[in-house]
Amino acid sequence: MLKPEEIKQTQAWKAMGLKDEEYQRICEILGRLPNYTELGMYAVLWSEHCSYKHSRPLFKYFPTKGPRILVGPGENAGAVDIGDGLAIVMKVESHNHPSAVEPYQGAATGVGGILRDIFTMGARPIANLNSLRFGNPQDEHVRRLVRGVVAGIGDYGNCTGVPTVAGEVGFADCYSGNCLVNAMSVGLAPHELITQAVADGVGNPVMVVGSTTGRDGIHGATFASAELSEENEEKRPSVQVGDPFTEKLLIEACLELIQSGVVVGIQDMGAAGLTSSSAEMAGKAGCGIEMDLTLVPQRETGMNSYEIMLSESQERMLVVPKAGTEEQVKAIFAKWGLHAVVVGRVTGDGMLRIFHHGQLAAEVPAKSLSTDGAPAYVPPAEKPAYLDELWQYDFQQLPDLELEEIQEAFWQLLTSPNIVSRRWVWEQYDHHVQLGTLVGPGSDAAVLRLPGTKRGIALTIDCNSRYCYQNPRVGAALAVAEAARNIYAGGGEPVAITDGLNLGNPEKPDIYWQLRETVLGIAEACEALGTPITSGNVSLYNETEGQAIYPTPIIGMLGVLEDAQKHATIAFKNAGDLILLVGELGEELSGSEYLEVRRQLIAGPGPKLDLAAEKRHGEFCRTAIAQGLVNSCHDISDGGLAVALAECAMAGRIGAQVRLHSSKRRDGLLFGESQARYVLSLSEEDYEAVRDLAVEHGVPISLLGRVGGAEFAVELGENRVIEADLQKMLELWNTGLERLLGEK
Amino acid sequence: MKFAVVVFPGSNCDQDCIHILRNVLHQEVTAVWHQDASLDDAQCVILPGGFSYGDYLRTGALACFSPIMAAVQDFADQGGLVLGICNGFQILLEAGLLPGAMLRNRSLRFVCKPQLLRVENNKTPFTHLYGEGRLIQVPIAHGEGNYFLDPEGLEQLRKNKQIVFRYADATGNASSEANPNGSVDNIAGIINAAGNVLGMMPHPERSSEAVLGGADGLLLFQAAIAYLAERG
C-alpha cells in the first residue's frame with residue numbers, strides 16, 4: 001500500500017475515481033494526508049453509486065410523503081402501510097455494469113443485494129421483479145448476456161425461495177454495450193418489526209454475520225460509477241460471486257434475530273461492504289464505531305486493511321445488538337451454520353476507527369463518509385440537440401398502411417422483439433413458491449395474496465425508454481402512468497413507487513438535462529397519481545465508447561387490493577362476452593413500436609400525457625373490477641389496440657371478433673400508442689352497469705366486438721383487415737423470443 | 001393425522017406444504033429440523049422442495065447425510081408413508097430409498113410451468129383417489145428433473161408398476177414433446193417396491209387450492225389421509 005506522501009506524489013486518487021478537489025476535501029476533513037485505506041474508503045463511498053452526488057440535489061423534487069408511507073427514501077428500502085398492521089417493504093436496484101462484464105454473477109448478485117435490503121428491514125421477501133434491457137437479440141454477444149442474466153436472476157431467486165412474479169425485457173441498440181439489469185424485491189412485515197440501519201447506544205457490540213470476507217468485488221461501486229470501455233473485460237475481479245444458499249440461510253437467521261427483539265440496527269454489506277455499512281450506521285445515529293479487522297472472518301489469507309474494508313463479498317451483514325445479547329445472536333446464526341462475530345463496538349465520538357493487527361489502520365469522521373457528508377454537484381444542463389430535430393417531424397408525410405398491408409404489419413409487430421411473449425424468460429423463474437401468486441408473469445400486474453389478511457397487493461415494473469428518449473420529462477411521467485395502468489388493470493389501487501434511474505454520464509450537460517427532466521417527470525406523475533416515492537436507485541455513466549443509453553427510469557409500483565380475490569387478468573374468458581375500449585380511438589404514432597419496427601423511424605415527441613385521464617380511467621377500471629363487473633382488463637401499450645386485443649385473446653386461448661368504425665388513419669388506429677386506454681371484456685348482462693359506472697367516472701367507452709371462436713379477426717368498417725388463427729398466433733407468440741435469441 | 005415436514009438448510013417449500021396440510025386440510029403438522037433425530041409420532045413424512053445445501057455437489061447429495069435421514073430411513077423401513085417432492089425426491093434418490101438418479105434438464109435451463117401428468121398407478125396410498133390414467137395438472141419448478149435409470153432397473157419399475165406419474169400432453173399421450181426435462185420414459189414420479197415411499201418432481205402443494213389455478217394435487221394429500229385413517 002502506498003504511503004500518504006506517495007499517494008500525494010502519484011495522485012493515486014485518480015485511479016480510484018476521485019477528483020482533485022475531492023482529494024483536497026478529504027485532506028481538509030482529516031487535517032492531514034489520508035492513508036491508502038482511508039483514501040479507498042472515501043473513493044468508494046463518494047462514488048456516484050454510493051453517494052448519488054450528481055443526482056442527490058434533484059431528489060428534493062420527489063414527493064416522498066403520504067399517509068401510507070412508513071419509511072421513505074434514505075433507508076435500506078421503503079415501507080408502505082397496507083392496512084391490518086402490515087407493511088410492504090420494497091426497493092429496486094441496478095446491477096448494470098457487473099452484468100455487462102459477467103452476466104450470470106452480475107445479475108445474480110443484483111438479486112442478492114436487493115433481497116438483503118428487504119430482509120434487513122425486518123421483512124420477509126415475498127416477491128422479486130426485474131427490468132432488463134439489451135441490444136439487438138440477434139447479436140451473438142447480446143444473446144450471451146441475455147442467457148447469463150436470465151439464468152443468474154433465476155438461479156438466485158429460485159434457490160432463495162422468493163418467487164419472481166413480474167418483469168419486463170426490452171431491446172434497443174443503445175443498450176448493446178451497456179445492458180441494464182434492475183432488480184426489485186418486495187417484502188412483508190408487521191409494522192412493529194420494521195428495523196432500521198442505525199448503530200446506536202455507546203458500548204453496544206458491532207457484529208459481522210453471514211459469509212466470510214474475501215478479495216472479491218473490491219471497488220465494485222467505483223467500477224459502477226464510470227463509463228464502460230474495452231478495458232472492462234479486465235474488471236471481472238470487480239464483480240462479486242453470489243451464493244444464494246448462504247443468502248437463504250441469512251434470510252432465516254436475520255428474520256429470527258429481528259423477531260427476537262435484540263437488534264438495535266442492522267445493515268447489509270452491499271456496495272463498499274464493511275466501509276459503507278459501518279459508516280452509514282454510525283453516521284445515522286450520530287455515533288462512532290471502533291472495529292478490529294483481525295476479528296473479521298476471512299476466506300483468504302494475508303488480506304490487508306484496505307482489502308478487508310473494501311471487499312464486496314456477498315451475503316454479509318453488520319449487526320448492532322443490545323449489549324449482553326452477543327451469545328444469543330451467535331446461537332441463532334450457529335443454528336443456520338453462519339458466522340456471527342463481535343468485531344467492535346459503538347462509540348460516542350463520531351469517528352470510524354479501524355484497527356488491524358494492533359495498528360490504527362484508519363480514523364475518519366463517520367458522517368463525512370456517509371451520503372450526507374459526500375460532495376454534491378449540480379452540473380450544467382443543456383437540452384440535447386437531437387430533440388428539436390425529432391420534434392419537428394411532420395406525420396402528414398408518413399404514408400398510411402394500405403388495407404392489404406395491415407395483416408402483415410400485425411404479424412410483424414406480434415413477433416417483434418419488444419412485444420413477443422416473454423415466456424422463455426419467466427419460465428426460468430420460479431413464480432409459484434410461497435403460494436401467494438394469484439396472478440403471475442404474463443399479465444399486466446402480478447397479484448399476490450398475503451398471509452394474515454384478506455387484502456392483496458398488485459406489483460409491476462415498467463418503463464418505455466423510447467418515449468423517454470423522445471421526451472425525457474413526458475416519457476418519465478408516462479413510465480409512472482403505465483405502471484399505474486398495470487396496477488389498475490390488475491384491480492389494485494396504486495399507492496407507492498420505487499424508482500431506478502438509469503442514464504448516461506451526468507457530467508455531460510445534455511445527459512444532466514435528461515436526468516433533471518426525468519426526475520421532474522416522475523415527480524409530476526407521482527404527485528398526480530398519489531404514489532409517493534419510497535425508495536430508489538440511481539445508475540449513471542451507462543455509456544459505451546461515449547454513447548449513452550436512452551434515459552431509462554424504471555418504475556416499480558405497488559398497488560393494494562381490498563380483497564385479493566377481486567382481481568383481474570388480461571385473459572378473455574367467455575365466448576359471447578362484449579369487448580370494450582376504455583378511452584378514445586387514437587391515431588398517435590409518435591413513439592410507437594409500429595413506427596420503429598415497420599418504418600424504422602423514431603420521430604415526434606412521443607405519446608401525449610394526460611395524468612387526469614390516467615387517474616380517471618384507471619379508477620373506473622379498478623372500481624369495475626372490484627364490483628365484479630368485468631371478466632378481463634388489459635392496458636393498451638406497446639403495439640397499440642390491435643396487439644392489446646390479440647394479447648387478451650391469446651392469454652385466454654379464445655378468439656375475438658372486433659369491428660372498428662373510424663375515419664382516423666389506419667396505422668394509428670390499430671397500432672398507435674395513445675395513453676390512458678384499456679381493453680375490457682364483460683358479459684352482456686353487466687353492460688348497463690359498466691356504462692353507468694363509466695358515465696359516473698366521466699370515462700369514454702365504446703363497444704369493439706365480442707369474444708369467441710378460434711379466430712382473431714379485426715374489421716375496419718366493411719374490410720376484414722386482420723384474420724388470424726389463434727393456434728398459429730399462440731405458437732409464434734410463445735416461441736418467438738426463443739427464435740429471436742437463436743435458442744430454437 | 002399427524003404429518004412431519006423435514007426442514008433442511010435450503011428447503012423452501014416446507015412452509016407451503018405445512019400451509020396446505022394445516023390450513024386447507026386441517027391436519028396436525030410439525031416442522032422437523034434436519035438435525036433432529038426423531039420424527040416424533042408422525043404418520044406421514046414429507047421431504048419438501050427447495051435447494052437443500054444449495055444443491056452443492058449434487059442435488060440432495062448432502063441432505064441425505066443429515067441426522068434426521070436415519071429416522072426417515074427407519075420410518076420407511078417400517079412401512080411409514082414418505083413423500084419426497086422435487087428436491088425431496090432428489091434426496092430420496094441419494095438416500096437410496098428410491099432407485100435412479102437425477103440429471104440436469106435436457107434444456108439445461110430451470111423450468112417453472114403448469115404440467116400435465118398421467119396417473120399410471122392408482123393403487124398406491126397417495127393416488128388411490130385418482131382414476132387410473134387420469135390426467136392431472138400439477139406445476140413443475142426444477143433445474144434437475146431429468147430422471148435416469150438403467151434399462152434393467154427401468155424394466156423392474158415397469159414390471160412392479162412403480163411408475164406412478166408420467167409427463168403427458170392434453171390427449172394423454174406421454175410424448176417426447178410433453179416431456180419437460182428429458183426424463184427417461186417420461187417419468188415424473190415413482191414409488192418404492194413396498195409401495196410406501198413416493199418421489200415426484202411436480203409440486204402437488206402448488207395445485208391444492210383453486211385460487212392458485214387448480215386443485216388436482218390436493219387429492220394426493222387427501223388420499224394419504226384416507227389411507228392412514230383406514231389403516232388406523
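This is a predicted model: local features need pLDDT of at least 70, side-chain atom pairs count only at pLDDT 80 or more; totals for chains, interfaces and linings use all residues.
Local features need pLDDT of at least 70, side-chain atom pairs count only at pLDDT 80 or more, and totals for chains, interfaces and linings use all residues. Side-chain values use heavy atoms, with hydrogens and water left out.

**Interface**

In the interface, 26 residues of chain A are in contact with 25 residues of chain B (contact: heavy atoms within 4.5 Å). The two chains bury about 2200 Å² between them, 62% of it on carbon and sulfur atoms; buried area is the accessible area (1.4 Å probe) that two parts lose on being put together, summed over both. Three salt bridges are counted between chain A and chain B (a side-chain nitrogen of Lys or Arg within 4 Å of a carboxyl oxygen of Asp or Glu). D430(A) and R206(B) form a salt bridge through their side chains, at 2.9 Å from N to O.

R133(A) belongs to strand β4 (residues 124–134) of chain A, strands being DSSP runs (E, at least two residues) numbered from the N terminus. R133(A) is buried, at 3% relative accessible area (buried: under 20%, with a 1.4 Å probe and protein chains only).

| Partner | Partner group | Distance |
|---|---|---|
| E168(A) | side chain, polar contact | 2.8 Å |

Leaving aside neighbours within four places in sequence, R133(A) is in contact with residues including Y175(A), L180(A), T552(A) and I554(A).

Terms used: Residues are numbered from 1 along each chain as its sequence is written. Chains are lettered from A and ligands numbered from 1 in the order in which they are written. Helices (H or I, at least four residues) and strands (E, at least two) are DSSP runs, numbered from the N terminus. Buried means under 20% relative accessible area, exposed over 50%, partly exposed in between (1.4 Å probe, protein chains only). A polar contact is a pair of N or O atoms within 3.5 Å; within protein, one must be able to donate a hydrogen and the other to accept it, and residues adjacent in sequence count only if both atoms are side-chain atoms.
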